[in-house]
Amino acid sequence: MPQFAYVVLSNPVAGREDEYNDWYSNQHLADVTAVEGFVSAQRFRLADAEAEGSPQQRYMAIYTMETDDPAAAVERLTASVETGQMYMSEAFSMEDMAIHLYEAITPIVASDAKE
């Protein structure tokens, strides 16, 4: 089955970073991976914010999708948010969020075990 990476770049609302991180890590990742087509999730914090060309968003979530119809999976996710079925914290800033969908073009390459 085709794999996709659904990448969400975001920031917390000013002064609400702890609330944002708690909600995102302890609730939202599981909520999204419960949506059909989404199979895993991981969060990252920007480590080189001062580097030229760094994004304005300090946090990134990468959701792995396995589906023949990524648009339908994203529609299911969007509908669950818009209908209130999926809780979205008010600590999550919608103002500067960016979302991108990538299609996998190679299998995962892993290094050999190092001794």
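The largest pocket has a volume of about 240 Å³, where a pocket is, on a 1 Å grid over the protein atoms alone, an open set of points where a 1.4 Å probe fits, with protein on both sides within 12 Å along at least five of seven lines, and a volume is the space filled by probe spheres set on points joined across faces, edges and corners. Of its 16 lining residues (an atom within 4 Å of a point), Tyr6, Val81, Met88, Met97 and Ile99 are the closest to the centre. Strand 1 (3-10), helix 1 (17-33) and helix 2 (70-82) each give two or more residues to this lining. The lining comprises 13 nonpolar residues (Ala, Val, Leu, Ile, Met, Phe, Trp, Tyr, Cys and Pro), two polar and one charged (Asp, Glu, Lys and Arg), with the others, Gly among them, counted as polar.

The model is predicted, with local features requiring pLDDT of at least 70 and side-chain atom pairs pLDDT 80 or more, while totals for chains, interfaces and linings use all residues. Residues are numbered from 1 along each chain as its sequence is written, and side-chain values use heavy atoms, leaving out hydrogens and water.

The protein chain follows the pattern β-α-β-β-α-β, its helices (H or I, at least four residues) and strands (E, at least two) being DSSP runs numbered from the N terminus. Four strands form an open sheet in the order 2-3-1-4 with antiparallel pairing, two strands being paired if DSSP finds at least two bridges between them. Strand 2 (38-45) and strand 4 (98-103) each have a single partner strand and stand at the edges, so one side of each lacks a neighbour in the sheet. Eight bridges join strand 1 to strand 3 (residues 59-66) in antiparallel fashion, and alanine 5 has threonine 64 of strand 3 as its bridge partner.

The count of aromatic pairs comes to nine, for rings of Phe, Tyr and Trp (its six-membered ring) with centres within 6.5 Å, classed as stacked under 30 degrees, edge-to-face over 60 and tilted otherwise. Tryptophan 23 and phenylalanine 92 pair edge-to-face, 5.7 Å centre to centre with 65 degrees between the planes. Because tryptophan 23 lies in helix 1 and phenylalanine 92 in the loop between helix 2 and strand 4, the pair ties together parts 69 residues apart in sequence.
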